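Me: I'd like a close look at a single part of this one: how the strands pair up and what surrounds them. Walk me through it in one go, please.

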Amino acid sequence: MNQKLYSVKMRANCKEQHISGAEKIIAEENLENICGQLLERALHHAKGEADFINLKIEKVDPEEMLVLNALPVTTISVKDAKEGHQKLKECLKQEGVNNAESILDRLKDTYGMRGAMLLNVDTMERMEPNMERGIRATYMDVADDKDDRKEKNHFKEALVLATKVAHQKNIIGELCISDDPDYVTGYFASKKLGYVRITNLKEMGCKDGGRIFLFRGNREEAKECIQYLEQQKVLVNIKKTEREQE
């Protein structure tokens with residue numbers, strides 16, 4: 001990997017509330033085009049018109065890049081959010097987590113957070129240093145992605161994030177509901193079960209959404225986990241059939 005690579009991160013707020021965010025790892029020749037597409041996305045979002053946009057560009061060392069194959073994908077179709085939440089509980093139980101109800105109840109505490117909750121599944125203790133901000137899994141993208149970035153591809157961006165997260169040794173699973181009001185599909189992901197899409201986890205038009213990383217380990221291991229999630233550069237190989245899921 002000899003080409004020059006850059007990390008690009010976009011964050012947009014409306015009246016001091018987070019409405020949109022995205023990040024990419026791209027070649028130098030694509031910088032102008034991709035930055036323009038991310039700005040376009042920030043300016044036209046279902047959650048509101050941005051009055052603050054932050055665009056951060058950093059050069060990254062290709063030698064530091066970890067390349068992963070995407071988690072295998074399955075889709076569970078459900079008729080409503082109630083059935084969707086039941087499927088989430090079943091996924092947790094398949095992972096050997098016996099307090100699924102308590103974990104799902106913590107999702108509401110993630111609404112409005114910029115990052116995710118890092119939750120010890122055995123003690124139900126939150127492991128984030130800053131509980132208002134949460135933990136943000138960053139520095140990741142699809143390997144050799146040629147798609148248009150103006151429109152958010154919920155599935156593909158989530159699969160990249162879920163793949164990176166699942167490969168951290170102390171993470172036993174992740175559950176996520178999008179905070180976009182016009183997107184009701186969410187997921188559970190783990191190395192064991194793969195990326196499990198659940199087609200309905202909230203009512204259409206609802207702006208609530210959040211993410212929980214399910215952790216097992218001690219405080220020192222939590223520090224290592226956070227370092228990986230927030231600093232490790234990752235590219236994810238996604239198969240053509242998986243790209244077409246959206």
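**Strand partners and the helix beside them**

Reply: Start with Leu66, whose bridge partner in S12 is Val234. Helices (H or I, at least four residues) and strands (E, at least two) are DSSP runs here, numbered from the N terminus. Bear in mind that this is a predicted model: local features need pLDDT of at least 70, side-chain atom pairs count only at pLDDT 80 or more, and totals for chains, interfaces and linings use all residues. Residues are numbered from 1 along each chain as its sequence is written, and side-chain values use heavy atoms, with hydrogens and water left out.

That bridge belongs to a parallel pairing of S4 with S12 (residues 234–237), which has four bridges; two strands pair if DSSP finds at least two bridges between them. Zoom out and you get an open, parallel sheet of three strands, ordered S4-S12-S7. S4 (66–69) and S7 (140–142) are the edge strands, each pairing on one side only. On average, neighbouring strands in this sheet are turned by 25° against each other, direction ignored.

Now for the helix. H4 packs on this sheet and touches S4, S7 and S12, with its direction at about 125° to that of S7. Contact here means heavy atoms within 4.5 Å; axes are lines fitted to C-alpha atoms, for helices over the stretch in contact, and angles run from 0 to 180 degrees between N-to-C directions. H4 has 13 residues and spans 18 Å from first C-alpha to last, close to the 18 Å expected (1.5 Å times one less than its number of residues). 13 of the 13 residues of H4 are buried, so the helix is largely enclosed by the rest of the structure. Buried means under 20% relative accessible area, exposed over 50%, partly exposed in between (1.4 Å probe, protein chains only).

A search of the whole structure turns up two aromatic pairs. In one, Phe155 and Tyr195 have ring centres 5.7 Å apart and planes at 80°, so the pair is edge-to-face. Rings of Phe, Tyr and Trp (its six-membered ring) pair if their centres lie within 6.5 Å; planes under 30 degrees apart count as stacked, over 60 as edge-to-face and the rest as tilted. Phe155 sits in H4 (residues 154–166) and Tyr195 in S10 (residues 194–198), so to speak from distant parts of the chain, 40 residues apart. Phe155 is buried at 0% relative accessible area, and Tyr195 is buried too, at 3%.

Follow Tyr195 onward and you reach another sheet: Tyr195 in S10 stands opposite Val73, and S5 and S10 pair in the parallel sense over four bridges. They belong to an open sheet of six strands with mixed pairing, in the order S5-S10-S9-S8-S11-S6. S5 (73–76) and S6 (117–120) are at its edges with a single partner strand each, so one side of each has no neighbour in the sheet. The twist from one strand to the next averages 20°. Helix H5 (residues 219–231) packs on this sheet, touching S6, S8 (171–177) and S11 (210–215), and its direction makes about 135° with that of S11.
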